[in-house]
Amino acid sequence: MRSVVVASLGLVTFAGFLAPPVHASPAAKEVKRPVAEGYGGAVATVDLDASKAALSVLRQGGNAMDAAVAGAAALGVTEPYSAGLAGGGFIVYYDARKRKVTTIDGREAAPRAMTSTAFEGIPFDEAVTSGLSVGVPGSVAQWDLALRRYGTMSLRQVLRPAIEIAEKGFVVDQTFHDQTEQNAARFADFTSTASLYLPGGQPPPVGSVFRNRDLARTYRELGVRGPDWLYGGELGREIVATVKKPPVRKGATRNVRTGLMEVSDLRAYRALERPPTKVTYKGLDVYGMAPPSSGGSTVGEALKILEALPKVGLHEYLEASRLAFADRNAYVGDPAYVNVPLDRLLSDGFAKERACLIGPRAMAHPAAPGSPDGSYGPCPSGAAEGSVPEEKKEGPETTHLVVTDRWGDVAAYNITIEQTGGSGIVVPGRGILLNNELTDFTFGPAPGDPNLPAPGKRPRSSMAPTIVLKNGKPLLAVGSPGGSTIITTVLQILLNRLDFGMSLPEAVAAPRASQRNTAATQAEPAFADRYGAELTALGHTLTDVPGPPVGEIGAATGLEFLRDGRVQAVAEPGRRGGGSALVVSPRR
C-alpha cells in the first residue's frame, strides 16, 4: 500500500490502511505490525504471510536457516515480482554453536555462451524483457546447500507453508496491484504471464484473493524430486525451452530476444559457501556479503572511512558513500573472473587515505576511484576529479528477510529476480517468473570494467545482508531491497542506530538519501524537507527518487538483540505498504 509520509524530528511516521478483502482468507483478519519484541525466535519480512511461514517453522522446532528458506519460498508466492525459485540471492548466517559467520552465494550465473559484448547496443528495457537477460537460477541450489550445511529440516518440509499459501491464496494489497499494473503492458505480451497475473486482462483488484496453483504443484514436485529436477531434470528443460523460445502472444510487436541458456548450464551451476566480509566499526564486528556482491565491500569501506573522520553526520555519510561507490564501480566483480582487492579496500590505511578527501563541502563530481595498492601516505593536497562513468541502472526489486531462533542463530537473506517482475516471462504451467539478472552486467563497451559479461560469470550485485556482532554475539541484523540503493540504505540504518542515537525502529523509519557517486543525491521528500537546506549550503544537490514507488528508498528489515534474551524484530512501517515483524513468544 502507498503511504503518507510526515517529517517529524528527522524521523518518518506513516499513515496507511488495509483494504477490506472481498474474500476471506487466514491472513485477511490480521494486520501487519512493523515491530515485535519477545523470545524464542523472531522474523521480519515485507509480508505477513511470509513472516508467518517462517515463524511456523520456528515453532515446529526448526532453526533460523530452516525458517529463512521457508520464508523465502513463501515470498516467491506473495512477492513473486521480487523473489522466486527461478531467481537467486545471498545469505549471511551466524551459527551460534560455532560462534561463526558464514555466507551462501546463490547468485545467478551467465550461460556458457554469454560473451562480453552480448548486451552491447541493446536498449536496457529491451534487454530486460527477453530470454537473453535470464541467468541460471541459483535459489534452489542455495536452499539445498543452506539446509544441508546448517538446517535441520528437509526441503520438502520447509516448502509446505509456501505450498499452502499458493493453493489457498493471499489477499491482494495495493502494492501487489500497483506492481502488476506497472508491468501490465509487458506481461500482456506473454501468454503464460497474462494468464496468471492479468486474469480477465486486468491486474487482480485490491482485496481479491490471488492463487497460484501451478506454483503450488511446482513446489510440491520440487520437494519430492529435489534440486536435480531443476539442475538438469525436467523442470530445468522447461525453463531452458522458455528462455530459448519465450511464449510471446500472437500479434505482439515487442522485440523479445531469445536466450542462451542450455541444460548443461543448469547442470554446471553450484551455490557456494564463501567467507564474509568483515570490518570493525567502533568496536563492533560488521559482517557482510563478499563479491560478487558489492554490498559487504561498499558498506564496509564506507564505515571504515567514517571511522577515520573526526565526526560523523549526514554530510560525511553522503561523502563516504560517494567514495566507496567510486571504488566499487572500479574494482568489484565476480572474484572468479576479476582480482578484487577486497582486503585492501577494507583496510584502515586505505580508509584513512580516502577520508582525507572529505572536507567541509561536497567534493567535485564524479569522485575518482582510489588506489588500494597497500602504500598509503599523508593526505594529498586536494581531491582529484574522476572521469569514471556514472553507475548504470540496476533493478530496484529485491526483498530481504531476517530470522533468529531459540538457539541464537541468525539469518539475513536477500532474494531477488532483479527488476520488478523479472524478465516478465512465466514458465508455462509452472507459475514461476524468470529472472532478468544478467542485465546487472555492464553493457559496454567498457574495456577493463570488472562487471562485463563472461561465460559462467556472476553479475555484480548490491545486495547487502549484514550482521553486526558485539563481543562475539549478535547485536544487529539488517538488509533491504532497492538495487544499488540497498548499500546506502543499510549504511544509513547502521549510522542511525550506532551514531545518531536512534532505536532500530526509528533507524528503519527515518527518511533516507542515497549518494552513489552521482551528480545529485536522491532523497525522500521528508529527508529533503528536513535536511535539504543544510546540505545544499554544503554543496550537495538533492533530487527526487524516481521510483517506482516514487519517493521511496528501500524496504528494510532488521533484528536487534536486547537485554535479558529479548529480540526486537523490525520492518518498514510504511514503505512498500509496510512489513511484518513477528516473535515466537512475547513472554518467556
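Glu316 counts as buried, at 8% relative accessibility (buried means under 20% relative accessible area, exposed over 50%, and partly exposed in between, with a 1.4 Å probe and protein chains only). Welcome to this predicted model, in which local features need pLDDT of at least 70 and side-chain atom pairs count only at pLDDT 80 or more, while totals for chains, interfaces and linings use all residues. Residues are numbered from 1 along each chain as its sequence is written, and side-chain values use heavy atoms, with hydrogens and water left out. Helices (H or I, at least four residues) and strands (E, at least two) are DSSP runs, numbered from the N terminus.

**Two residues and their surroundings**

- Glu316 belongs to helix 14, which covers residues 314–331.
- Leaving aside neighbours within four places in sequence, Glu316 is in contact with Leu306, Leu309, Lys311 and Ile358 (contact means heavy atoms within 4.5 Å).
- Lys278 sits in strand 9, residues 277–281, and counts as partly exposed because its relative accessibility is 45%.
- With neighbours within four places in sequence again set aside, Lys278 is in contact with Asp285, Val286, Tyr287 and Leu346.
- From Lys278 to Leu434 there are 156 residues in sequence and 33 Å in space, C-alpha to C-alpha.

**Strand 14 and its partners**

- Strand 13, residues 466–470, pairs with strand 14 in the antiparallel sense over 5 bridges (two strands pair if DSSP finds at least two bridges between them).
- Within that pairing, Val468 has Leu476 of strand 14 as its bridge partner.
- The hairpin of strand 13 and strand 14 has 2 residues between the strands, and Asn471 takes a positive phi near 55° there.
- Strand 14 is also joined by 4 bridges to strand 18, residues 557–561, and these two run antiparallel.
- Here Ala477 has Leu559 in strand 18 as its bridge partner.
- As a general point, the side chains of a regular strand alternate between the two faces of the sheet.

- An open sheet is formed by 3 strands in the order 15-16-17, with mixed pairing.
- Its edge strands are strand 15 (513–514) and strand 17 (542–543), each of which pairs on one side only.
- Strand 16, residues 521–523, is joined to strand 17 by 2 bridges, and the two run parallel.
- Gln522 stands opposite Thr543 in strand 17.

**Where helix 13 meets helix 17**

- Two packed helices are described by the angle between their axes and the distance between the axes.
- Helix 13 (residues 295–307) and helix 17 (residues 485–498) pack at an angle of about 40°, with their axes 9 Å apart (axes are lines fitted to C-alpha atoms, for helices over the stretch in contact, and angles run from 0 to 180 degrees between N-to-C directions).
- That makes helix 13 oblique to helix 17 (angles under 35 degrees count as roughly parallel, over 145 as roughly antiparallel, 65 to 115 as roughly perpendicular, and the rest as oblique).
- From helix 13, Gly295, Thr298, Val299, Ala302, Leu303 and Leu306 meet Ile487, Val490, Leu491, Leu494 and Leu495 of helix 17.
- The residues of this contact of helix 13 with helix 17 divide into 9 nonpolar, 2 polar and no charged (Ala, Val, Leu, Ile, Met, Phe, Trp, Tyr, Cys and Pro count as nonpolar, Asp, Glu, Lys and Arg as charged, and the others, Gly among them, as polar).

**Backbone details to look for**

- Most residues other than glycine have a negative phi, and most peptide bonds are trans.
- The peptide bond from Pro291 to Pro292 is cis, with omega near 20°, and Pro292 is found in the loop between strand 10 (284–288) and helix 13.
- Another cis peptide bond joins Pro548 and Pro549, with omega about -10°; Pro549 lies in the loop between strand 17 and strand 18.
- Asn517 is not a glycine, yet has a positive phi of about 60°.
- The loop between strand 15 and strand 16 holds Asn517, which is buried with a relative accessible area of 3%.
- Arg576, also not a glycine, has a positive phi of about 55°.
- Arg576 is found in the loop between strand 19 (567–571) and strand 20 (580–585), and is buried with a relative accessible area of 8%.
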